[in-house]
Amino acid sequence: MSFQPFKIENLEQFPQALEKILADQLATIETITDTANPSYEEVLKPMQDLEEELGNFFTPLSHLNSVENSEATQKAYEASLPQLSKFSSTIAQNEALFEKIKQIHSEDAEQQKVIDNEIRGFVLSGAALPVDQKKALEEIDLRLSELGNHFSQNLLDATNAYELIIQNEADVIEIPANDLALAKKELEGEDVYRFTLQIPSYMAYMTYGSNRGYREELSRAYATRAPQNAEVIDELLRLRQRKAELLGFESYADYSLATKDANRAEDVISFLEALATKALPQAKEELAELQAFAKRTDGIEELRGFDVGYYAEKLKKEKFDFDESMTKPYFEQSKVLQGLLDVVSELFLVEFRAVEVEVWNEKVKPFDIYRQGALAGRVYFDLEARESKRGGAWMHDWETHFVDSHGKQHLPSAFIVCNFSPSTKENPSLLRHDDVVTLFHEMGHGIHHLFGQCHERSVSGINGVAWDVVEFPSQFLEAFAYEKPILKRFAFHHETGEAMSDTLLDKIKETKNYHAALGILRQVEFSLFDFKLHQKLYQGEEVQALLDEIRQTTALLPVPAYNKFQNGFAHIFAGGYTAGYYSYKWAEVLSADAFYACLDEERGFNQEKAEGYLQYILSRGGSEEMSSLYQQWLGREPQVESLLKLYGIEA
């Protein structure tokens, strides 16, 4: 058993190499389709081998285009998308293959789940449509793929195009030393401070920048990025609605729910609105306290959106005698990473060993995973921000654990990507506690894939997992990043080696739910906007009007007319969360309930429950519905009250 090396021999020739692989696969699929024996072993087993082969080949380019973006990666990626779209459509509309799969049954539960998913996938891909509608659907899917890439590239270009140069040191006096060192540049022989729209830089000024005018300028720049994406959004929405109608759904939201854990649109809307209703009273109290504080300290008569981060941090410091800068020196990136690996090792009885293999950037840290002394997986950590890398944090699966049609076992691999403050020769990469939480979150996704033990590729790891519960394992693991016994493992001052004091550790836990209700309202706003936007066709100003309508309940401060949040909402316009952003909160009910089941005050976790979580949730992937796996693990349904408890909100 071995892993694919991460390398692309020739970016210029990549589309041609992809074309040959796709042609070879179509020929193999034709042979599979013509088989006289419509059995699982003869049809779906080799089909999954092909999926793995294609994923192993294409994922490095897709990944590289996100983490080392260049003209060459863009060109190769954009040239590949039409080929992949056409390939997918050709398979999805292969009626003979569809008919063959419909004849297959298996006594093996994993295999039957693959069969059921394949049949559903064919239906949702238009296999039952007339020829002309199949052609229309193929063209729509190709264009949707292109538009998502355009949206993402526009956003990356706009993010990189902006900079704010500050010359007066009085305007950066409150910014923590590490962030300030990263911002400091020499311009025409003079020391200046450069802030950008990349998240570490942007957040540093919005949280600690004392010049209100500069905060407004940065905020405006961030909220007005990529205005050309408005046209992209309109076309995306038109095509999504058309696709849904072709497939027999009233809306794209209904189409989306066909593969989700939630059954009905009404359930999603009522869940989100109920959550907003429960959070609203506390959110109003949180905002009123912040407004009073800003007025008392700086005479601010009208608190604005660009003031919230700054005054929230100052109020937190006054209220709890605490701010992020107090803990940041204790969260040195490499120690946090090692601490995380130690926690995961202890929780799930595995071992991580650093390994020397090919990587795409010198800052990348690869590890091999061992279980009971045997090689079991590989994970790559790419944690620092750079201009060639798109913003945000994510896990990207690469290879998958499964047994192929020849009986060979394959091992899984994955990438964990973040955008933390970069390390330099003079300064290590120091993390905010929010960054620590983010790293735990993405590792939660990572182990969901890496700890999969299914034999069938299509349901192993994160494959086949309903989209609205895919955040469950990530949110589960992130909850431990607030627990004192966990943090004590890696919170040491990067200069002195001194352990973080119990007082500071307690402050992290005490402040965990600071402005939690305001945070819930913000997530509900995003979720309602996404879901309602896909319940019928909205165009042009109607998109903004819908968002404004939702904000009447969720936004407690006026939002400037120039704010075009939607033009940067990559999760739903360039990612996989279309009509599914509600998944974060839907899955958080599961994660909060599971967290309390596994919590232990002394060690941070209950070993017995953690082993059950590994056995029933992580290792089983998408082989069963998550609601069923959860019931098998704890013998009951998850309790919504656990989510409110996690946020300190009274039910």
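1. What is the relative accessible area of threonine 259, and is the residue buried, exposed or partly exposed? The model discussed here is a predicted one. In this model threonine 259 has a relative accessible area of 29%, so it counts as partly exposed. Its place is the loop that runs between helix 11 (252–257) and helix 12 (265–298). Leaving aside residues up to four places away in sequence, threonine 259 touches Arg120, Leu124, Ala466 and Trp467. Isoleucine 369 stands 110 residues from threonine 259 in sequence, and the two C-alpha atoms are 31 Å apart in space.

2. Helix 12, which spans 265–298, packs against helix 13, made of residues 305–320. The angle between these helices is about 85° and their axes are 10 Å apart. Helix 12 and helix 13 are therefore roughly perpendicular to each other. On the side of helix 12 the contact uses Glu289, Leu290, Phe293, Ala294, Arg296, Thr297 and Asp298. Helix 13 contributes Val308, Tyr310, Tyr311, Ala312, Lys314, Leu315, Glu318 and Lys319. Sorted by class, the residues of this contact are 8 nonpolar, 1 polar and 6 charged.

3. The crossing of helix 2 with helix 3 is left-handed. From helix 2, the residues in contact are Met47, Leu54, Phe58, Leu61, Ser62, Leu64 and Asn65. From helix 3 they are Thr73, Gln74, Ala76, Tyr77, Ser80, Leu84, Phe87 and Ile91. This contact holds 10 nonpolar and 5 polar residues, with no charged residues.

4. How do helix 17 and helix 24 cross? Helix 17 (residues 472–479) and helix 24 (residues 607–618) have axes that come within 12 Å and cross at roughly 165°. That angle makes helix 17 roughly antiparallel to helix 24. Here too the handedness can be stated: helix 17 passes helix 24 in a left-handed crossing. Phe472, Pro473 and Phe476 of helix 17 meet Tyr613, Ile617 and Leu618 of helix 24. The contact consists of 6 nonpolar residues, with no polar and no charged ones.

5. How many disulfides does a search of the whole structure find? The search finds 0. A disulfide is a covalent bond between the sulfur atoms of two cysteines. For cysteine 454, the closest cysteine sulfur belongs to cysteine 598 and is 20 Å away, which is too far for a bond. Cysteine 598 is likewise in no disulfide, with the sulfur of cysteine 454 as its nearest cysteine sulfur. Cysteine 454 counts as buried because its relative accessibility is 2%. Cysteine 598 is also buried, with a relative accessible area of 1%.

6. Glutamate 188 has a positive phi, near 50°. It sits in the loop between strand 2 (184–187) and strand 3 (190–195). Glutamate 188 counts as exposed, because its relative accessibility is 81%. Alanine 579 has a positive phi as well, near 50°. Its loop lies between helix 22 (570–573) and helix 23 (583–598). Is alanine 579 buried or exposed? Alanine 579 has a relative accessible area of 0%, so it is buried.

7. A further loop residue is arginine 636, placed between helix 25 (626–634) and helix 26 (640–646). With a relative accessibility of 27%, arginine 636 counts as partly exposed. Which residues does arginine 636 touch, not counting those up to four places away in sequence? They are Asp593, Tyr630 and Gln631. Arginine 636 and leucine 537 are separated by 99 residues in sequence, and their C-alpha atoms are 39 Å apart in space.

Notes
Residues are numbered from 1 along each chain as its sequence is written. This is a predicted model: local features need pLDDT of at least 70, side-chain atom pairs count only at pLDDT 80 or more; totals for chains, interfaces and linings use all residues. Side-chain values use heavy atoms; hydrogens and water are left out. A crossing is left-handed if the near helix is turned anticlockwise from the far one by less than a right angle, and right-handed if clockwise. Helices (H or I, at least four residues) and strands (E, at least two) are DSSP runs, numbered from the N terminus. Contact means heavy atoms within 4.5 Å. Ala, Val, Leu, Ile, Met, Phe, Trp, Tyr, Cys and Pro count as nonpolar, Asp, Glu, Lys and Arg as charged, and the others, Gly among them, as polar. A disulfide is a pair of cysteine sulfur atoms within 2.5 Å. Buried means under 20% relative accessible area, exposed over 50%, partly exposed in between (1.4 Å probe, protein chains only). Axes are lines fitted to C-alpha atoms, for helices over the stretch in contact, and angles run from 0 to 180 degrees between N-to-C directions. Angles under 35 degrees count as roughly parallel, over 145 as roughly antiparallel, 65 to 115 as roughly perpendicular and the rest as oblique.
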